[in-house]
Amino acid sequence: IGPASGKPLTIILNNSSNLKLNTTFSGNIRIFAAGDITVAAKGKINGLFMLASNGDITFNAPVEYAFLSSNSNILLNNSCYLFAGQLQAAEDVTVESGSIVYNPIVASSEGFT
């Protein structure tokens with residue numbers, strides 16, 4: 001659980017090679033990961049969310065306000081039916097369903113830049 005406003009909670013995952021997140025994130029949170037990250041369908045994101053990874057990013061859970069950055073690939077699966085934010089990837093971005101709406105709210109909020 002991160003703060004509702006102001007600077008986000010920061011989580012740094014140095015030694016992750018293939019992490020699966022099955023949890024609920026609420027409030028303002030940013031995560032920096034060394035490897036592949038999968039947010040499982042059981043996961044839930046409430047609030048502003050930033051995820052930067054040196055590996056693949058896979059979202060199986062809905063995420064609305066987010067900034068996702070990958071040094072590899074980003075995949076938004078069928079269950080990720082709404083995304084309002086920004087995506088950047090060194091390789092491929094795949095959106096299997098739903099919609100993507102550009103929204104700079106995360107990247108322009110305090111502590112996320």
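Which residues does Phe49 touch, not counting residues up to four places away in sequence? In this predicted model, Phe49 touches Phe25, Ile29, Ile31, Phe59, Tyr65, Ala66, Phe67 and Val106.

## Aromatic pairs

A pair of aromatic rings is described by the distance of the centres and the angle of the planes. The structure holds two aromatic pairs, and the table sets out their geometry.

| Pair | Arrangement | Centre to centre | Angle between the planes |
|---|---|---|---|
| Phe25 and Phe49 | tilted | 5.5 Å | 50° |
| Phe49 and Phe59 | edge-to-face | 6.2 Å | 85° |

Together, Phe25, Phe49 and Phe59 make up one aromatic cluster.

Phe25 and Phe49 are both buried. Phe49 has a relative accessible area of 1% and therefore counts as buried, the limit being under 20%. Phe59 is likewise buried, because its relative accessible area is 0%.

In soluble globular proteins, nonpolar side chains tend to be buried together. In this model, the largest nonpolar core has 20 residues, of which Phe49, Leu51, Phe59 and Leu68 touch the most other members. Two or more residues of this core come from each of β4 (29-33), β5 (36-39), β7, β8, β9 (65-70) and β10 (74-76). Strand β4 provides the largest share, three residues. Another core, of five residues, lies apart from it and includes Met50, Phe67, Val106 and Phe112.

## The largest pocket

The largest pocket holds about 180 Å³ of space. Its lining consists of Lys44, Ile45, Asn46, Gly47, Pro62, Val63, Glu64, Tyr65, Tyr81 and Leu82. Strand β6 (residues 44-46) gives the most to this lining, with three residues. Sorted by class, the lining has six nonpolar, two polar and two charged residues.

## Two individual residues

Is Thr38 buried or exposed? Thr38, which is placed in strand β5, has a relative accessible area of 18% and so falls under the 20% limit for a buried residue. Not counting residues up to four places away in sequence, Thr38 touches Leu19, Lys20, Leu21, Thr58 and Asn60.

Ala90 is found in the loop between β11 (82-89) and β12 (93-95). With a relative accessible area of 52%, Ala90 is exposed, because the limit for that class is over 50%. Leaving aside neighbours within four places in sequence, Ala90 is in contact with Ser70, Asn71 and Ser72. Ala90 and Ser69 are 21 residues apart in sequence, and their C-alpha atoms are 8.5 Å apart in space.

Key. Residues numbered from 1 in each chain as written. Predicted model: local features only at pLDDT ≥ 70, side-chain atom pairs only at ≥ 80, totals over all residues. Heavy atoms only, no water. Phe/Tyr/Trp six-rings, centres within 6.5 Å; stacked < 30°, edge-to-face > 60°. Buried < 20%, exposed > 50% of the residue type's maximum accessible area, 1.4 Å probe, protein only. Core = buried A, V, L, I, M, F, W, Y, C linked by side-chain atoms within 4.5 Å. Helix = DSSP H or I, 4+ residues; strand = E, 2+ residues; numbered from the N terminus. Contact = heavy atoms within 4.5 Å. 1 Å grid on protein atoms, 1.4 Å probe; cavity = no way out; pocket = protein on both sides within 12 Å on 5 of 7 lines; lining within 4 Å. Points joined across faces, edges and corners; volume = space filled by probe spheres on them. Nonpolar A, V, L, I, M, F, W, Y, C, P; charged D, E, K, R; others polar.
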